[in-house]
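Please look over the model below before reading my notes. The points follow the domains, the core, the ligand and the annotated sites.

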Amino acid sequence: MKIGILTSGGDCPGLNAVIRGAVLKGITQHDLEFVGIRDGWKGLVDADLIPLARPQVMGISKQGGTILGTSRTNPFEYGGVARVKEVMAENGMDAIIAIGGEGTLAAAKRLTDEGIQIVGVPKTVDNDLSATDYTFGFDTAVEIATEAMDRLRTTGDSHGRCMVAEVMGRHVGWIALHSGMAAGAHAILIPERKTSMDEICGWVNSARERGRAPLIVVAEGFKLDTMDDAHSERGLDAFGRPRLGGIGDMLAPEIEARTGIETRATTLGHIQRGGTPTAYDRVLATRYGMAVVDSILEGHWGRMVALRGTQIVNVPFEDALGRLKTVPQSRYDEAAVLFG
Ligand code: F6P
């Protein structure tokens, strides 16, 4: 049996560990053959394939990014089902392992409905995919954000400044919640909870009154209670012009003006997605890679591997689609006990 592997959507530390886990288990235990598909669905449509055997996966679990490359190409807008079937037939490919987030899994589901044999591996640093407790890449992003905030704290302390760290999280605040708790932030601002400037400045002032240099973590998708949908992430500023900076850059001068505390913002951006995965992410990703081989052998087309507690299970693609896993109010309230 010959299996194509592709990585699609934004990259994420741990992708290479999935590839290695699948290839090593498939080759050594089950005599499977693998082929790498370059740049996501695009490479499938373009028949851009590379060899994928033991030599190609040696030592890659610690490498960030993806050795296969990735793109956000949608196979229904580029190439179509007939072309995907044609490339698979011409190259003797029996099935595909699609490693990706919601968009990738949605395309994988539609292709499976058209009779193409696909199994999935969930991926997102944001940890917002339903149906799995954790996605690999999240732990690495939290680690990087936490370390960055520890660093921001010492410079903030030295100057008596308020430091604002903007982290990833377009729709959910998991990275902000976890890194904020780990770093002891005085406020955690997430998309799930609109907050007023008065409340934010209250937290800043109370940290200052306790002799602390205030540290705030804000998820990129956070909105003030005065912002409506027109002020979407990467959207418009207060004057209806394209906003150049992120939410952190927008908040910092306002906090400074209202509290009188000198304030600086740092946007961590893609640093959170780059570089070597943590040991936790390597283990989770490797287990996903090995488990997805079992899914293939059992013919679990249209399903993806997922983490439930400590067990790897497999669930239908649709369980991961349509609704994001948001931060529950109770988790936010728990973290907020530490703000004041
Ligand atoms: O979904 C993962 C994510 O890292 C988001 O947190 C972020 O908003 C987005 O991808 C960035 O996407 P891009 O790499 O296309 O700029």
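The numbered points below take these topics in turn.

1. Basis. This is a predicted model, in which local features need pLDDT of at least 70, side-chain atom pairs count only at pLDDT 80 or more, and totals for chains, interfaces and linings use all residues. Residues are numbered from 1 along each chain as its sequence is written.

2. Domains. The assignment gives domain 1 (2-124 + 277-320) and domain 2 (138-274). Such bounds come from an automatic or database domain assignment. The two centres, taken over C-alpha atoms, are separated by 35 Å. Contact joins nine residues of domain 1 to five residues of domain 2. Here contact means C-beta atoms, placed from the backbone, within 7 Å. On the domain 1 side, the touching residues are four nonpolar, three polar and two charged. The classes are: Ala, Val, Leu, Ile, Met, Phe, Trp, Tyr, Cys and Pro nonpolar; Asp, Glu, Lys and Arg charged; the others, Gly among them, polar.

3. Core. The largest nonpolar core holds 94 residues. A core is a set of buried Ala, Val, Leu, Ile, Met, Phe, Trp, Tyr and Cys residues joined through C-beta atoms within 7 Å. Ile5, Ile97, Ala145, Ala165, Ala176, Val218 and Val292 have the most contacts inside this core. Both domain 1 and domain 2 give residues to this core, so it lies between them. Beyond its neighbours within four places in sequence, Ala145 contacts Ala165, Val167, Ile175, Ser179, Leu268 and Gln272.

4. Ligand shell. Which residues surround the ligand? They are Gly10, Thr124, Val125, Asp126, Met168, Gly169, Arg170, Glu220 and Arg273. Near means a C-beta atom, placed from the backbone, within 6 Å. By class, the shell has two nonpolar, three polar and four charged residues.

5. Annotated sites. For "binding site", an unreviewed UniProt entry lists Gly10, Arg72, Thr73, Gly101, Glu102, Gly103 and Thr104. These positions span 95 residues in sequence, yet no two of their C-alpha atoms are more than 13.0 Å apart, so they gather at one spot. UniProt positions use the numbering adopted here, feature names are shortened, and annotations may be inferred rather than shown by experiment.

6. Glu102. This residue is found in helix α5 (residues 102-113). Helices (H or I, at least four residues) and strands (E, at least two) are DSSP runs, numbered from the N terminus. Is Glu102 buried or exposed? Glu102 is buried, because 22 other C-beta atoms lie within 10 Å. The cut-offs are 20 or more for buried, 12 or fewer for exposed, and partly exposed in between, counting other C-beta atoms, placed from the backbone, within 10 Å. Not counting residues up to four places away in sequence, Glu102 touches Leu129, Ala320 and Leu321.

7. Thr73. Its place is the loop between α3 (54-57) and α4 (80-90). Thr73 counts as buried, with 22 C-beta neighbours inside 10 Å. Leaving out residues up to four places away in sequence, Thr73 touches Gly40, Trp41, Lys42 and Tyr78.

8. Gly92. This residue lies in the loop between α4 and β4 (95-100). Gly92 counts as exposed, because it has 11 C-beta neighbours inside 10 Å. Gly92 and Gly4 are 88 residues apart in sequence, and their C-alpha atoms are 9.7 Å apart in space.

Key. Two residues are in contact if their C-beta atoms, placed from the backbone, lie within 7 Å.
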